[in-house]
Amino acid sequence: MTPQTRARPKTDPALDRDARELYEALNELVRLYQFRDRNIICCNDVSVTQCYALQALARGGTMNLGALAKDLFLDKSTASRVVETLERKGYVGRTAHPDDARVTEITLTARGRGLHRKIEATLVEEERRLIADLAPDVRRAATDLVRDLARAAAQRMGVGASCCGPVAEDHQ
């Protein structure tokens, strides 16, 4: 059964309220982050999607176009245009796979790694300022919660949660 056709569990008013409030809170957080990220990233010669591609390559190393497209939730033709733009700007390089010339491997250039590090450092500093006034245990709990939500969402979508790192020790 797909998520759209699954029967809804028994009504639980508290769960319904919590789900609505989580939806609203996450929706607002994602909206704010999209604008923040766009404003920071686009000042660095790349679009948000191009930045996600740099991030995927920095995280996963050399990838073929199909793997990159899957990671970015894009079709191959759109991912190809993203890669073409990044290559033209000197941030990625493409080479034929050594065993199959039909497969193109995409890798970050030194310039691409440098840009990724610069953008990531800026965004991490933004996070640092955001959580600076929180107690250390609250910071850890917030991070664990966001990771758990990302894992659960990825699992429901049938994809890997590449951003989520290892399972927290107390959750194993």
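Modeller: Helices here are DSSP runs of H or I of at least four residues, strands are DSSP runs of E of at least two, and both are numbered from the N terminus. This is a predicted model, in which local features need pLDDT of at least 70 and side-chain atom pairs count only at pLDDT 80 or more, while totals for chains, interfaces and linings use all residues. Residues are numbered from 1 along each chain as its sequence is written, and side-chain values use heavy atoms, with hydrogens and water left out.

Biologist: What does the secondary structure of the protein come to, and in which order do the elements run?

Modeller: There are 6 helices and 3 strands. From the N terminus on, the order is α-α-β-α-α-β-β-α-α.

Biologist: How do you know that the span of helix α6 agrees with its number of residues?

Modeller: The expected span is 1.5 Å times one less than the number of residues. Helix α6 (residues 136-157) has 22 residues and should therefore span 32 Å; its end C-alpha atoms are 32 Å apart, which agrees.

Biologist: Which residue follows α6, and what is its phi?

Modeller: G158 follows α6, with a positive phi near 75°.

Biologist: Which residues other than glycine have a positive phi?

Modeller: D45, which is not a glycine, has a phi of about 75°, and F73 has one near 60°. D45 is in the loop between α1 (13-41) and α2, whereas F73 is in the loop between α3 and α4 (76-88).

Biologist: Why is D45 called partly exposed, and what makes F73 exposed?

Modeller: Buried means under 20% relative accessible area, exposed means over 50%, and partly exposed is in between (1.4 Å probe, protein chains only). D45 has 38% and therefore counts as partly exposed. F73 has 55%, so it is exposed. Of the 172 residues in the protein, 22% are buried.

Biologist: What makes β1 and β2 partners of β3?

Modeller: Two strands pair if DSSP finds at least two bridges between them. Strand β1 (residues 63-64) is joined to β3 (residues 104-108) by 2 bridges, running antiparallel, and N64 stands opposite E105. Strand β2 (residues 92-96) is joined to β3 by 5 bridges, also antiparallel, with A96 opposite T104.

Biologist: How do α2 and α3 cross, and with which hand?

Modeller: Axes are lines fitted to C-alpha atoms, for helices over the stretch in contact, and angles run from 0 to 180 degrees between N-to-C directions. The axes of α2 (residues 48-60) and α3 (residues 65-72) come within 10 Å and cross at roughly 115°. A crossing is right-handed if the near helix is turned clockwise from the far one by less than a right angle, and left-handed if anticlockwise. The crossing of α2 and α3 is right-handed.

Biologist: Which residues form that contact, and how do they divide?

Modeller: Y52, A53, A56, L57 and R59 in α2 meet L68, D71 and L72 in α3. They divide into 6 nonpolar, no polar and 2 charged. Here Ala, Val, Leu, Ile, Met, Phe, Trp, Tyr, Cys and Pro count as nonpolar, Asp, Glu, Lys and Arg as charged, and the others, Gly among them, as polar.

Terms used: Contact means heavy atoms within 4.5 Å.
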